[in-house]
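Open the model in your viewer and keep the selection panel at hand. The tour visits a sheet, then a ligand site.

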Amino acid sequence: MNDSEPVLPVRTAIVLFNLGGPDGPDSIKPFRVNLFSDPAIIRAPVFVRFWLARLIARSAQKKAEEGYALMGGKSPLLDLTRQQADALESALPGAKCFIAMRYWHPFARDVAREVKAWNPERILLLPLYPQFSTTTTGSSLADWHDSAARAGLVAPTTTLCCWYDDPAFAAATAEPVIRTYETARAELGAGAKIRLLFSAHGLPESIVKAGDPYQEEVEACTEAVMAAIERRLGHRPDHQVCYQSRATPQKWLEPSTEQAIEQAARDNTAVVVIPIAFVSEHIETLVELDVEYREVADHLKLPGYYRAPAQNDDPAFIAALAGIARRAVAHGPGLCSHRGGRACDARNRDCPWARYRAVVAA
Ligand SMILES: C=CC1=C(C)c2cc3[nH]c(cc4nc(cc5[nH]c(cc1n2)c(C)c5CCC(=O)O)C(CCC(=O)O)=C4C)c(C)c3C=C
Ligand SMILES: [Fe+2]
Ligand SMILES: [Fe+2]
């Protein structure tokens, strides 16, 4: 921390949001039903959604069970988020981190009561999604506001919608990418063609067309990381954004990660795959990227398939997140504070959470 960085008020509660994951084989099904029952994910009237959620959850249940079995029968996401929370607390004296997951324990409704019992002077709502999507951050924050109101939790609160273009975050994200790229170059030879594939979680195209800013923010985030890579390497490697984890039959954002791997095979190019919308390892990195897409790459005889790790509790990432938290809280209580710390509020149409909150409230 440098001297110009603001200091957090004592008793600042930082609530970290993520999606959650099953904590054992028996919770895979209810976790997935919770996910597909969320109106932010499946946009159908309530009585249709009830049945649709169960139908969609059942359709890929076996594949999901096999995926979790490869990780010991559970998601590593909560343990990794706890490590991030501990590291962030060490970087931010006076703050206590709480974790609220959207579709499995610890749920926001329980965490809001814990935060109230801690009696915070300030609250910072900090989603662990760098880019805003109505399906992730929007859904989690709406759920939190309901839960906080039910718990009678009242304290000055700052909400961060997104931090996809924070320069320290971009620089911290660039480092493991550069290390993986250099490994690929050393193994394949300096003349080998290598493409950086920034693989983001996909979204149904209809959600983006309805105004979700996620795709735009993923592209801007990739650009910020590419600028950091270029500054470090002195050149700009070949790169492409693609979208993974399609989970419903609708049309999703393209190119899919699989299509991007097929294109790389046609171009006789090795790839370094970079998870750009997740800051922790979980099923979609450890199984989808490391097992399933690797098999596709092997089958297509790609010259090389490498994967850059997610941030987890990497010290440079935690330092970046601590800076983001400090600057956000320094703006004082408000609906939202984002984009390099510029404050925004309910009247600011620039802020996706402000826009989405108006829709949810209507
Ligand atoms: C319509 C379905 C889905 C949308 C839209 C979606 C968006 C979305 N998700 C993440 C991050 C994560 N997703 C995770 C798991 C997960 N996501 C879906 C479906 C949608 N996600 C499913 C069905 C699952 C469960 C896994 C499975 O059954 O295959 C996870 C946690 C995984 C874990 O370790 O348990 C994360 C994290 C983002 C960033 C996003 C859109 C921006
Ligand atoms: Fe997902
Ligand atoms: Fe904002």
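Strands (E, at least two residues) and helices (H or I, at least four) are DSSP runs, numbered from the N terminus. Two strands pair if DSSP finds at least two bridges between them. This is a predicted model: local features need pLDDT of at least 70, side-chain atom pairs count only at pLDDT 80 or more, and totals for chains, interfaces and linings use all residues. Residues are numbered from 1 along each chain as its sequence is written, while chains are lettered from A and ligands numbered from 1 in the order in which they are written.

Select the open sheet of four strands, ordered 6-5-7-8 with parallel pairing. Strand 6 (238-244) and strand 8 (305-307) are at the edges; each has a single partner strand, so one side of each lacks a neighbour in the sheet. From one strand to the next, the twist averages 25° (axes are lines fitted to C-alpha atoms, for helices over the stretch in contact; angles run from 0 to 180 degrees between N-to-C directions).

Next, take strand 5 (194-201): seven parallel bridges join strand 5 to strand 6. Arg195 has Asp238 of strand 6 as its bridge partner.

**The helices across it.** Show helix 7 (167-188). Helix 7 lies across strands 5, 7 (270-275) and 8, at about 165° to strand 7. Contact means C-beta atoms, placed from the backbone, within 7 Å. Then show helix 10 (257-266), which lies across strands 5, 6 and 7 at about 145° to strand 6.

**The ligand.** Centre on ligand 1. Its shell has 24 residues, the closest being Gly21, Ala64, Ser75, His201 and His282 (C-beta, placed from the backbone, within 6 Å). Helices 1 (28-37), 3 (61-70), 6 (134-151) and 11 (283-299) each give two or more residues to this shell.

Conventions: Contact = placed C-beta atoms within 7 Å.
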